[in-house]
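Student: I have a chain open on my screen and want to talk it through. Can you take my questions as they come?

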Amino acid sequence: MKRLFSVAPLALAITATPVMAQDTEQTLERMQQQLNAMQQQLNSARNTGVRFNGFFSTGYARASNDAGYAGITEESEVKDLSLFALQGTFDVTQKSQIVMQLVGRGADDWEPKVEWAYLSHRPTNNLQLRAGKMRLPFFMYSDSLEVGYAQPWARPPQSVYGPIAVTSYVGADASYNWNFDNSSLNANFFTGFTDEDGNSGDVQLRNIAGLNLTWTDYVWTVRGIAATAEADIDATRLAAQAPAGADVNTVLADGDRGNFYGIGASYDNGNWQIIGELTRVEVDGKFADTDSAYLSIGHRFGSWTPYIALGWVESKDDDERLGFVTTSGGTILAPESILNFQREDYSVGTRWDITPGVAIKADITHSRGFDKGTGNLNPSYILTSGTNSTNVYTLKLESAF
C-alpha cells in the first residue's frame, strides 16, 4: 500500500502532462493572437500617423465646513471632481508632431477647453523643441496635474500645488537629455507668458523664463527649478469683502518681479513610494511671498497602496502688509493682514488598482493651523466663522486609456 501511495503522484503527473501541455499551448496561442492584434494596432497607428489617448476622473468629496480646502465645501457635488480629457498626437514628419489635449470638466458644464496645443520637433534623439500652449513645469507632477491615475493621491498636495493656481503658458521650450550608464539627466528651458484666473483673481505672467533639471536612476529622482517673470495680479476676489457696489483697489502686483524656486525628490523601488517637494514664491508688492512643502510616504501591498502625506504652507513677508484694503475713495474695508496665511495639512488615504488603467482612491485630509490670515482658503467664511480647521473626505475613480 505504501508503494502505491508513493507511485500515485508520479502517475497523476504523467497523466496530467498532456493536459498541461495542451493548456500551455492554448495559452501561448492566445498570447500570440493578442500580440499580433497589438502589433496590428501599432502598425495602423504608425501608418495613419494619428494616436489618441485620454483620462477620466469622477468622485465625490465633502468637507466638514465651507473653509474651501481644494474648493471642497459642504455643498460640493459629483460634477466638481469629474473631468474627461482626450489627447491626440498627429505626426507631421518622422521628427515632428502636433499634440492637442481637450479637457471637459463637470464644474464647467463639460465645455471642452484646450489645455495643450503645441508643435514638437526632435532634431536629434536627445533634443526636443516645442512651441505652443503647454503646462507650466513648476512641479514634479505638472505634466500629469489632472491625470489623477498617474498620481498616488486623490489630489496633489494642496500646500504646494494650491498657491500657484495658474497651470498653463503659451511659449516655447527646449529639452536635452543626457543618458549615462544607469541614470539620465534632463535639462528643460522654457519661456513665454500666461493670463489665467488664479486663486485670488486674474494673474498675468509676462516674459517667463525658467530652467528645470531632473536627474533619475529610475529609483531615485531629484528635480530642481528656478523661474522668473513680470507679474500682474489683480485679487478681484477681495472685492467680495466689500459692500455691494464699492470700488475696491485689489491690485497686488503691477509689473512686479516674481520668482519661483522648487526642489523635489522621490524614491520608488516598486514597494515604497516616497515623494517630497519644497517651493518658494517671491513677488514684489503686496502679494504674499510663500514657502511650502510636503512629504508623502506610501507602500504597495499588491493592488493596494495606502499613503500618508504631511503639508505646510506659510506667507513669509507679513511685514509688507501692515496697511488696510480700501475702496478707491479711501474707505477702510479690512486689514491687509487677511492676505497673510499659514496652514498645515495631514492626509491619509489609499489607492486601489482594480484593473490596469482604473484605480479607486479614498482620502481623508485634516487641515488646520490658520494662525494668521485665512489659511489661503475661503476668506469670507473663515473671517466670519472664526474656524481654525477643516476636514475633507474624498472618494474618486480614476482612469487612463
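The chat below goes from the whole chain to one surface patch and its strands.

Student: What kind of model is this, and how are residues numbered?
Tutor: It is a predicted model, in which local features need pLDDT of at least 70, side-chain atom pairs count only at pLDDT 80 or more, and totals for chains, interfaces and linings use all residues. Residues are numbered from 1 along each chain as its sequence is written, and side-chain values use heavy atoms, with hydrogens and water left out.

Student: What pLDDT does the chain average?
Tutor: The average is 87, and 86% of the residues score at least 70. pLDDT is the predictor's confidence in each residue, from 0 to 100.

Student: How many helices and strands are in the chain?
Tutor: Three helices and 18 strands. These are DSSP runs numbered from the N terminus: helices are H or I with at least four residues, strands are E with at least two.

Student: How much of the chain is buried?
Tutor: Buried residues make up 42% of the 401 residues. Buried means under 20% relative accessible area, exposed over 50%, and partly exposed in between, with a 1.4 Å probe and protein chains only.

Student: New topic. Which residues form the nonpolar patch on the surface?
Tutor: Among them are Phe52, Phe84, Trp110, Leu119 and Phe401, and the patch has about 1,100 Å² of accessible area together. Patch residues have over 30% relative accessible area and no salt bridge; like charges are joined within 9 Å, and nonpolar side chains (Val, Leu, Ile, Met, Phe, Trp, Tyr) within 5 Å. A salt bridge is a side-chain nitrogen of Lys or Arg within 4 Å of a carboxyl oxygen of Asp or Glu. Areas come from the Shrake-Rupley method with a 1.4 Å probe; for residues, only the protein chains shown count as cover.

Student: Which strands each supply at least two residues of the patch?
Tutor: S2 (83-91), S3 (96-105) and S4 (112-121).

Student: Where does Leu119 lie?
Tutor: In strand S4. Leu119 is partly exposed, because its relative accessible area is 43%. Ile98 stands opposite Leu119.

Student: How many bridges join S3 to S4?
Tutor: Nine, and the two strands run antiparallel. Strands pair if DSSP finds at least two bridges between them. Their hairpin has six residues between the strands, and Asp109 takes a positive phi near 60° there.

Student: And S4 with S5, how many bridges there?
Tutor: Five, in the antiparallel sense, with S5 covering residues 127-135. Tyr118 stands opposite Gly132 in S5, and a hairpin joins S4 to S5 through five residues.
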